[in-house]
Amino acid sequence: MAETSSAKKPSLNDQERDLEQQAFIEFQKADYHACYQTLQKLLKTQDSNPKVLHNRAVVEFYNSDLRRYDQFRSAMIQQTGLVGEIRTVEVKDRESCAAYVNQAIVLYHFKQPLAALKIMLAVMAHFDRLDDYLLRRAGIFTVHLLLDTNQPKKANRLLGMLQNRLGIQVYAILSDSDEDEPLIDNESRKDISELQFEEFRKEFRLILIRSNLLNGKKNMSIPLEDTSEYSILKGHQYFLGNDYQMAAKELSKQFTNEPVSVNRHGEDQNTILANNMGVIHFSVKHYALAARFFQQALLFDKSATEDTSTERVEGSPLYCVGATKRPEILYNHGLALLHLQRPKEAFECMLIVLNSNHNNPRLWLRLAECCIMVHRQEKQAQNTSICHGTVGCGVHRKYVLNPSPKTAVPEGDQSLAIPATTLEFGALCLRNAVALLEYHEPELIRQTESSDKTVAWDKVYEGVPCNPSLPMKLVSFNKLKCAVLAAYSYVLNTLGEYSLALKYAKQMLTMKDLPQSYLLLSHMYAAEALIMMNRPLEAITYLEPKFITELAGDDFGMRASPHWNINSADAARSVMHYNRAVVSFLIGDYEQAKIAMSSCNHPLVMPYLKMLNVYQELLLGNYDKVQLLIRYDTPHLI
């Protein structure tokens, strides 16, 4: 409810001011029925006063136990004029700030934090002119929105401004003792009761600790309270310090406070704890345990929020609407399943997250990785022997060689935009990822090179937004770009789009400080695209012996996943020698091909080397040796 002592307001006589003050006191006492009756009396003479109309809507909403949020939202829209998609917000009148804040609160609970943040940033433009009563609520809410949307630097700057404006003493708020110094100057807390002040103190302490942790202050002091709120923050502190065992121990405590539930607090304690335990196990590469915790978190979340769906209008209080953490948990669960080589299940999880986070290039890459993994699993199930079977018997027996892999052609009546674990949809995902990276890259480079430290608090650059994951700085951006370009080049080669595959492989080669694992892939994909375009002389330039011998082993060992076979320098060199042998055969340089084949000594390339040996003997006319090679490879067919 808006404060009564505002600087600018319509003219009120003494009786109307008394009614206004009486309504405010009744609202503070939570006597909403009496407050509504008082406002009705005031409206008899102030029926066009927007402030009184706003306060009546607030009181009606509180009187309904916060359940008639649809009616309340309509009332706030009438006050602010913000309808539909919110692009730009301008709050011209300080007196109307309360209505904007309330509309932002409704949007936040309806899972629209970015739209709510746009409104609150416009409200905070009046920071110096807002009264303390409204500033406390609006300021903390804005910080909360900034942290939820992964903008901790802005949140930290705004907290500093709130501390200066409200006279908050940080050393006192983080102290366990309340006797040394007051938290806030008595002058700035004269408009709130002791109970409200204590609630504000607790909320400010929690939000300050959370902001400091997200800004990298790992060694800060956290009050020693065995409540779920502080234990979760303490566990987060251990997690940031890579002390995963202590983080898990902190979350497994017996808490002294009443369990946090959706029906009373708008959040479910068990859901948060199970999700955080899953994140801890994921960080130590215990993906199966992590997936189990994420599944448990999804069950807790479903049980806690099954009666609070937004479809049940006026069925639950506003703070219960949007209380679900399902998109964030599904994102975590999808990553764990992807590491467990279960791409189809991971794809289903990621697809749901895509509805609310479609501007996340990381998410598009993960979806594409699911499609690629399904393709590779199907490919690995195919027969890798030289011989597919035999026809006839005795002297008339004929061996049927395995056919070369064919380029996949989608069915004509199926749209490629329909989500499915196919390479065609994977290519669409990677195209979206490339588009997002190209959109953000110029601004990221400009902000990285900029040295302006005097920028306004709400203009601080946080990086490329990737909600629900953390924003990307230049280093992580370049890593993601490498992964996207490599995956895109692979998918395009597989689908037969060789010119585009060559384009993105070359683009990857232009990146600075390219890791050797990606350097290997870019050379391989560029050479493959050129071969398929019948340009082998150009392809062999990407497979030079000097480049092959310079491949170091450390990068492959550090970056390779357990399921990627090129996890050593020997494996990388053998793969490149094999590819060079193939190109040498295509251009007729048999001597160079033999030299390259003799260097292929890693088990990874042996199944492919057998077929290349058969091809070599056929070219040389050694048909008896070809039959011998086939018999050695497929003795069960003899």
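These legends walk you through several close-up views of a predicted model.

**View 1. Helix α11 and the residue that follows.** Start with helix α11, which covers residues 228–240 and so counts 13 residues by the usual way of assigning helices. From its first C-alpha to its last, α11 reaches 18 Å, close to the 18 Å expected at 1.5 Å a residue. Several residues of α11 are buried, among them Y230, I232 and L233. K234 and Q237 belong to the buried set too. After α11 comes N242, which sits in the loop between α11 and α12 (244–251).

**View 2. Two residues with positive phi.** Which value of phi does N242 have? Phi of N242 is near 65°, a positive value in a residue other than glycine. K285 also has phi near 65°, and its place is the loop between α14 (269–283) and α15 (287–305). Are these two residues buried or exposed? N242 has 53% relative accessibility, so it counts as exposed. K285 counts as exposed as well, because its relative accessibility is 62%.

View 3. Look for K481 in helix α20, residues 474–495. Why does K481 count as buried? Its relative accessibility is 13%, and the cut-off for buried is under 20%. Leaving aside residues up to four places away in sequence, K481 touches L437, E441, Q507 and M511.

**View 4. A pair of rings in helix α10.** The structure holds 16 aromatic pairs. In the pair of F200 and F204, the ring centres are 5.8 Å apart and the planes are at 45°, so the pair is tilted. Both residues lie in helix α10 (residues 194–214), four residues apart, which is about one turn of the helix. F200 and F204 are both buried.

View 5. Finally, find the peptide bond that runs from N467 to P468. Is this bond cis or trans? The bond is cis, with omega near 10°. P468 itself is in the loop between β3 (464–466) and β4 (469–472).

Key
Residues are numbered from 1 along each chain as its sequence is written. This is a predicted model: local features need pLDDT of at least 70, side-chain atom pairs count only at pLDDT 80 or more; totals for chains, interfaces and linings use all residues. Side-chain values use heavy atoms; hydrogens and water are left out. Helices (H or I, at least four residues) and strands (E, at least two) are DSSP runs, numbered from the N terminus. The expected span of a helix is 1.5 Å times one less than its number of residues. Buried means under 20% relative accessible area, exposed over 50%, partly exposed in between (1.4 Å probe, protein chains only). Contact means heavy atoms within 4.5 Å. Rings of Phe, Tyr and Trp (its six-membered ring) pair if their centres lie within 6.5 Å; planes under 30 degrees apart count as stacked, over 60 as edge-to-face and the rest as tilted.
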